[in-house]
Structures are given as structure tokens and as C-alpha cells.
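Subject: Structure handover

Hi,

Here is the structure I promised. Please open it first, then read my notes below.

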Amino acid sequence: MMFFKRLLTFFLCVLYVNAANLKQIHVLFRHGERSPRSTYPKDPHKDFKWDGGLGQLTNNGKLQMYILGQELRNHYNDFIPKYYWPVDVNFSSSSVARCLTSAELVGAGLFPPQDVQIWNPDLLWQPIPIHYLPRNVDNLLTMKSNCTEYDNQFRQVHNSSKVLQYNQAYENLYEYLTIHTGMTVDNIETVESLHNTLEIYQMNNLSLPYWINDTLMAQMKIIAAQNLAIYSETNYMKRMKGGYFIKTVLDLMKSSLNSKKVPSINMYAAHDLTLVHVMRALDLIDTLKPELGATLIFELYDDEQIKVYYWENWKGKIEEQLLPHCRTICRVEQFQEGYQEFIPENWYEECQVKI
Amino acid sequence: MFLFTTLSCVLAIPFCFANLSDLDSVVVVFRHGDRTPIRPYPTDPYRNRSYWPVDWGMLTNIGKLRQYNLGQYFRQRYPSFLPAIYSEKDIYVRSTDVDRTIMSAASNLAGLYPPVGTDIWNENIAWQPIPIHTLPQHEDPILAAKKPCKKYDFLQKQLFQTAYFRNISHVNHDLYAYLSKYSGQTISDIEKLEYLYSTFQIETWNNFTLPDWAKKVYPQKMEKWAALSFATPTFTEDLARLKTGPFFFELLEYFRNRTETPRNAQYFSPKFMMYSAHDTTIASLLNSMGAFEYHCPPYTATIIFELHRPKENSWYINIFYKNTSEARLIKVKDCSFDCDWQYFQQILSPITINTKQWESECNSLLLFSTILNFYILIGALVVSLIGITVLLLLVRRRARANRNLYSQLPEEEYA
């Protein structure tokens, strides 16, 4: 009996899923490959000349973002209209140049002009506006706007036993890195930024010095991920960082369900930290170091179902994520209920509250 | 009007291509490319969206191309000055936070920086991404000039009370009534008239036949007033200072930085600043400098500021206005060709204000310097003194009467 009941539910579910139409998507992605932001004193590639300067997208990174746009077009071809209409689409970006340019490139891959939209036959590209907020007021993507209580908690985390344990565990590694880099390495943040730089060298076929091997790189990557996670160590911190993004997405979803005029395609160009913040607020991960071009997608269906996907990068598979605080079929209402603790009601007020 | 500008440019051709070998830095401000009407009027035969290729107020294909060509013009004007390889150290691009201006900047950059050499990231596309910076519309007193300013609003209201503007309303009474009747919306001032005029213009350019009632007044009877409407936001020096002062402050700061910072300094500002904005921006900037010949600035109309350094410690400014195919030198007060940099700052100082000052002036209505406001101030003081005295007396009486009750009120500590 039980078995049949389940079978019946299963079929009903399948039917239901098939009947629902995609209504809105939110695509949050990390920018493409960039040149290093910093070097270290004993860096053999310290004086390497990067086209376009430090911290900018490389040509390879530009291509990655363009391909990401094309792949999104392939994946959502039935949903994303052939023509670019600003009412359907919104591109938001962090204020940083590599994100602004990444957004422009994804737009170029997603919306190559078709027939009537071709304005210059020699140039199959069309301008797409990218919107952003100044860094000091952007709590959506850079997530750097002032928040008193968050800053308090972050300070506490920094002095917590967890970080202390990290520092004890990595004592030997810090010493090793300090000797070989020529700069003081005594915290996980420095290890993360060093890992970023070395990873970029690797991707650009710049040989790494003898004292670095694959095991060390892998270990540093784990530490990098740990560092990204401590920015959302407590539930309150998750709520104030990734939670604000989720709230924004939910609000747009609700507007769409209430037939308000909101874009059905919402693109967000941001950073590895942004993705970690959001995925930790969704309780999808403990630690993660998102790849370049890593993408998190929220889908809304007209039966109010929400689905979340993670795409490690455009070369891999898009993988659906089970939302731990929601049901298998997760509707907006249940999502809101399940994630109540992670979604701020009034961000600005909650920043002032002492917890 | 247009004939005049064209003619003067032909006559001024020697100035159109001034010597660029000692050029140090350039600031350009332009209007976006061709757009659809912002909002059609209620009785508009073409108010159905299907008549138009893109949504209301959006950049059209022709607009993109016109901007692309403007970008190519900049490339031709500054072939050696601006390196062909893009670098964020050479150029900073700023736009108002409006789709058509951001898209205009992007199209312009496609013409200015077609990828060459190491900039080529994809053989199949002659375009590369370049960041375009914006500030939210209501947080932007510099370019959008839409951040609310109480003092400005007050002064503008005063302006419209003057005999000159009251007379305009009087003269236009019948025209306003006629336009209101047939367009189905209230046209009660020249600004609203200009919106309608602009819609007529766009429809005419798109080969749509205007209704007969419109043909009777467009363009002749409306043109003059539409053109005048572009001058009113900066009609007096006070208005000009509050409307365009923050921009001129940024402009002068930028050039000052160029003249004072050592060449090898790490944070040397880019040599080329690009601002993508609106017809009102162009008109207001020109009018504030006293160089506005009443007209409606056309698509891609551009103001070019060029800073030259012919020799050590000698700096000159040239300003051009390009609303046709050629840029024409303009005169600011008595300064035209190779205007001395120090003198130029002096000329602009009355209409320059930094954003901090701007904020405080905008919000302090009581600090006006006009005689009228002096009386208002005195009046307000007298009234409030009397009011406070009466209140104090009342409160003391109450307090005496309810002394016991009063001390028990729980809100007391919050008073």
C-alpha cells in the first residue's frame, strides 16, 4: 500500500513538474580569469607584464565569460528570447572592473544581435547596459556596505577558537610559506590571496617555483575555502551577507508571481566570496572555493516552485541542489518558511541590533 | 539656428582642428544616440508600441551606429594621443544610470577601441568589454543632476514668477490651450511643450505623418520655446551653480590634478574622460558657461574640453562644441582659443561648487542671501519666538496643574 502511495506521489510529481513552466531565472556568476592582484617578494614572475594591468580580466577570461553566455543561451534557449529587450533582462554587477567587463561579455554571448537587432553588419555585438551600485552601499553583490553588528561578529570570529585552531594547525605551513615567499604569512587570508596568485600562474603556464607542488596547492585551496567561509561563520552573518541576496531574489520572484513587470532574466556578475556567501546562507556548502566562472542559478516556475543549480564552470554539468531547509518540491512559501532564519527582514535595522 | 552653427563651423575650420601635439588631457560630454519617444502623448496615433523597433526611450539601431561613428571620430581626432590598446589608465567612462546613455557609451567605445594586437580576445568579434561607471540617478548631483535640491527648486519657482516668464506664459496661453486640447494632456509650460516637441521630432524623423493639428504648430510655433526650455534650468547664475556646479568642480579638479601631479605618480588620472549624458546636460553645461545658442541639442552633440601644455608650466584650455560633423571652438566669456588655464578657473569659479557644499546649500533653505529671504527669515524668527513663549507659558501652567500625574508618565525618560 505504502509503495503504491509513493509511486502515485512520484507520478503526480513528475506530471506536475512537467506541467510547470519556467517563469524567471537568477544567474549569479563569478568573473572570468583575471591577472593577479598581488605578487610576493620572492616571486619569479613579479615583473611579468600582464596585458591590461593587474586584477583585470585576461583574454582567456574574456573568452570564458563569452562562452558562459553562449552556454547559458544553449541551456535556456526555449526560455531566453531571441532578441534582447531591456524589459526582460537585467544585468547587475559588482563595481569592480573585472565584474563589469565579465557582465558585458556574458551579455555578448547570450544576446548576439539577430536580424532586426543587427545595427552594424560588421560587428555581431550589441550594447547591453550593466547596472551596479557604488561599493560602499552595495550589499547585494560586493556585500561590503557598512553593518555595525556584522563587523562586531566578524571581529569575534577572528579571535575565536576556530581561527585559533586553524592558525595552530597551519603553523608549520605558515613558516614554510614565509621563508619561501619572503613575506610574513601568518593567517589564512594571506594563504588565500597567495593561492589565488599561484593558481593564475598555473593557468597561464607560468612555471611555479620548486617549493610548490600539487599537494601544497591542494592544501592551500582548502585553506582558501576556509577563509572564504569565516566571513559567514554565524547564522546572523549568513543572514546579513548571502541572505540579502536571497531576499532580493525572493522579492523579484514574488513580484513576478504577482504579475508585476519585473525582468524574467536576472544576471549578476560578482566574486567567489559572493557565491560562498549565498551558498552558505542556503546551507548548501560548508566550505568551497568557487572556480572562475562558477555559476549559481535560481529558477522560478509558474507553480511557484524554486529550483537551485550550481555550475562549477561552463565545462562541467549543471547540477541541481537539494535545499536542506525546504521540501523536495520547494515552493516560494516553503522556501521562505524554511529559510526564515537566513533571510533579513530589514537589513539596515538588523545591522544596528546587538545580538 | 542650425544653419548658423554650421556656417560658423565652416568659417572656423582652422580652429576645428587645433594643434594637438601638445595635448595633455581631454574631457568629452555627449548626448546619447537616437531614441524612441520617452512617452507618447495620449492621443498620439503612434502610441502603440508596435510602431517602434524598441521600447520607449530606448536607443535605436541608428542611435547605436551614430554613437559608434562618434567613437570613430574620437579615434580619428586623437590617433596618437589616445593609444589604440585599451588601458583603464588612459580612459575613464562615466554615464548616467539610464539604459540609453549606458548603451550609447558602450557603442561609442566599440568605435573608439576596436580590439587590436593583444586586445584581441576573439577573432570573430571586433569588440572588447570596457567598464562603464555610473552612480544611482538620485545619488548623482554631478552628471545626472537629478539629486533633489530644495534650494534649487525654490529658486526655480522664483524664476517662473518673474515678469519675463509670466509674460511667456501669457504669450503662449493660446498655444498651450491648443496643444493641451489636441494632445490630451496638460501642456502648461515650455518644459512640457518641449517633451511634446521632441516626440513630434522623433516621429517626423521616422517618417510618420503627424496629425493635421500638430502640423499647424510644428515646428515653427514650438521650436523657439522648446529651445528656450533648455536654457531655463540654468537661467540665472545661482541656478547654474546648483545645476552644473558639481560637474564643473569635478572638471576643474580633474584638470588641476593633471597640471599638478608629477607624471610618474602612481595614481595619475587618465588622460581621457568620457561622460555619456542627455540633451539637458549639454544645454545646461553650455548655458552655464554662457555659450549656449538656444537650440535643442541633437543626438550625439558633444562638448570637448582639451587641456594643452605647449611648454613647461603653461597650460591652455580649448573648448569645442560638436553638433554637426565638425567640432567648433566656443567662447567662454572673453576666453576662446588657447584660454589660459588660470584665467579659465577664474571664469568658472562663480558656477563651481563641490558636492559637500552643494549638499549643505541645497538643504539649508534659510541661508539664502536675497533680500526677500532676509525678510522671511526675520518674520519666521519673530513668529517662532512668540510661539515658543506661548508654548512655554502653557507648559508651565500644565506642569503646575498636573505635577503629580506628570511624574508618573512612563515616557518621561524619552522626552
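Chain B has 16 helices and 7 strands. Helices (H or I, at least four residues) and strands (E, at least two) are DSSP runs, numbered from the N terminus.

Two points on conventions. This is a predicted model, where local features need pLDDT of at least 70, side-chain atom pairs count only at pLDDT 80 or more, and totals for chains, interfaces and linings use all residues. Residues are numbered from 1 along each chain as its sequence is written, chains are lettered from A and ligands numbered from 1 in the order in which they are written, and side-chain values use heavy atoms, with hydrogens and water left out.

Chain B on its own

Of the 415 residues in chain B, 53% are buried. Buried means under 20% relative accessible area, exposed over 50%, partly exposed in between (1.4 Å probe, protein chains only). Take the contacts in chain B with a separation of 6 or more: residues 24 or more positions apart account for 71% of them. Contact means heavy atoms within 4.5 Å.

The interface

Chain B puts 34 residues in contact with 33 residues of chain A. The buried area is about 2,900 Å², and carbon and sulfur atoms give 64% of that. This is the accessible area (1.4 Å probe) that two parts lose on being put together, summed over both. W121(B), W127(B) and P129(B) supply 21% of the area that chain B buries against chain A, more than any other three residues.

On the chain B side, the elements that give two or more residues are α3 (61–77) and α4 (99–112). α4(B) gives the most, with 6 residues.

Aromatic residues

The count comes to 50 aromatic pairs over all chains. Rings of Phe, Tyr and Trp (its six-membered ring) pair if their centres lie within 6.5 Å; planes under 30 degrees apart count as stacked, over 60 as edge-to-face and the rest as tilted. The ring centres of W119(A) and W125(A) are 6.2 Å apart and the planes are at 70°, so this pair is edge-to-face. Both residues are buried. In chain B, one aromatic cluster is formed by Y41(B), Y178(B), Y182(B), Y197(B), F200(B), W213(B) and Y218(B).

One loop residue

S145(A) is in the loop between β3 (131–132) and α4 (148–158) of chain A. S145(A) counts as buried, at 8% relative accessibility.

Best wishes
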